[in-house]
Amino acid sequence: MYPRLLEIPLPFELFGSEVLTIYSFGAMMAIAFLVAAWVARKELDRLYSIGRLKAVRVPVPANKGAKTASRKRGAKAKMMEVSPGYLIGTVVVLAVVGGIGGAKLFYIFDHMEDFARDPMGLIFSRGGLAFYGGLLVAAGSISWYVKSKGVPLAIFAEVILPTVLLAYGIGRIGCHLAGDGDWGIAANAVARPGFIPTFLWGETYPNNILGMELPATGVYPTPLYEFLIATLLFGVLRLLRDHPFRAGWLAWVTVLFVAGERYLIEQIRVNNEYGILGLMATQAEVISVILAVAAVAGLVITSNRRIQTDPTESS
């Protein structure tokens, strides 16, 4: 594998090193956020152009000197009306901070013994991110921001959640390249169908960032599976974006897809299990079941056909 994509010699010392290292995981995360932001902004602009979303009011950009003068005079900033797509820049910042912070926090909860042995090492490790933790924390902060701008959350969720699924899939390529432990159980080489390439069935992850030696038969490369599934599901959601149902319906379909995808992948993925109500389950399996139940309830509520004055589309 390739946990380090590029190492650039520096003429000075930076963070204790004279080499700037570009890591595959970080690079793919950056690509994932950029692609998701571009797709989301395009879709928000499209909905604005067809009248499903209203304009939002934002401060008129001004140079630094003008801003300072306005503060001294106590004048209010001038406002302008723009497409909700204009908000995506701030949404991406919230997604990055909340997503990575929440993912790391949930990972720590899932590995308390490792955290007790080496708390700082676990916090600042390059691996160890729990998708659901990042999703929940980022969703909360983004929802608050969007609501404060008067954008209907139901419609915004229909735009953002499918792009989150796409970004998740792209990010998993980073996990695969880095070999950060998000792989599956030992692969059964004998059971491999002849039409499936070896690299899609069993991967040994040489030079993985954790320095682990895996079985000679390899493990199931679940990051690749998740990339393929997430991309396919995003394509399906894209075809459904002009559905006739109430606002929020597509968001709940996305939640159901995410829950189902993650629950299924957990069956062949390495993870800690806990005893819950007499059953053994991983953290992701439990959250998947909860999300699936919520998604079904949401679909029941939003499956009525949309009407012109649908109250769920008002701000």
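**Figure 1. Contacts across the whole predicted model.** In this predicted model, 71% of the contacts with a separation of 6 or more join residues 24 or more positions apart. The protein has 315 residues, and 41% of them are buried. Its elements are 10 helices and six strands.

**Figure 2. Confidence along the protein.** The mean pLDDT is 84. A value of 70 or more is reached by 82% of the residues. Confidence is highest in helix α8, residues 222-239, with a mean of 97. Helix α2, residues 64-73, has the lowest, with a mean of 52.

**Figure 3. Helices α9 and α10 packed together.** Helix α9 spans residues 249-266, and helix α10 spans residues 283-302. Their axes lie 8 Å apart. The packing angle is about 155°. Angles over 145 degrees count as roughly antiparallel, so α9 and α10 are roughly antiparallel to each other. Their crossing is left-handed.

**Figure 4. The α9 side of the contact.** Which residues of α9 meet α10? Two tryptophans, Trp 249 and Trp 252, are among them. Val 253, Val 255, Leu 256 and Ala 259 also take part. Arg 262, Tyr 263 and Glu 266 complete the α9 list.

**Figure 5. The α10 side of the contact.** Residues of α10 that meet α9 include Ala 284, Glu 285, Ser 288 and Val 289. Leu 291, Ala 292, Ala 294, Ala 295 and Val 296 belong here too. Gly 298, Leu 299 and Thr 302 are also in the contact.

Note on methods:
Residues are numbered from 1 along each chain as its sequence is written. This is a predicted model: local features need pLDDT of at least 70, side-chain atom pairs count only at pLDDT 80 or more; totals for chains, interfaces and linings use all residues. Side-chain values use heavy atoms; hydrogens and water are left out. Axes are lines fitted to C-alpha atoms, for helices over the stretch in contact, and angles run from 0 to 180 degrees between N-to-C directions. Helices (H or I, at least four residues) and strands (E, at least two) are DSSP runs, numbered from the N terminus. Angles under 35 degrees count as roughly parallel, over 145 as roughly antiparallel, 65 to 115 as roughly perpendicular and the rest as oblique. A crossing is left-handed if the near helix is turned anticlockwise from the far one by less than a right angle, and right-handed if clockwise. Contact means heavy atoms within 4.5 Å. pLDDT is the predictor's confidence in each residue, from 0 to 100. Buried means under 20% relative accessible area, exposed over 50%, partly exposed in between (1.4 Å probe, protein chains only).
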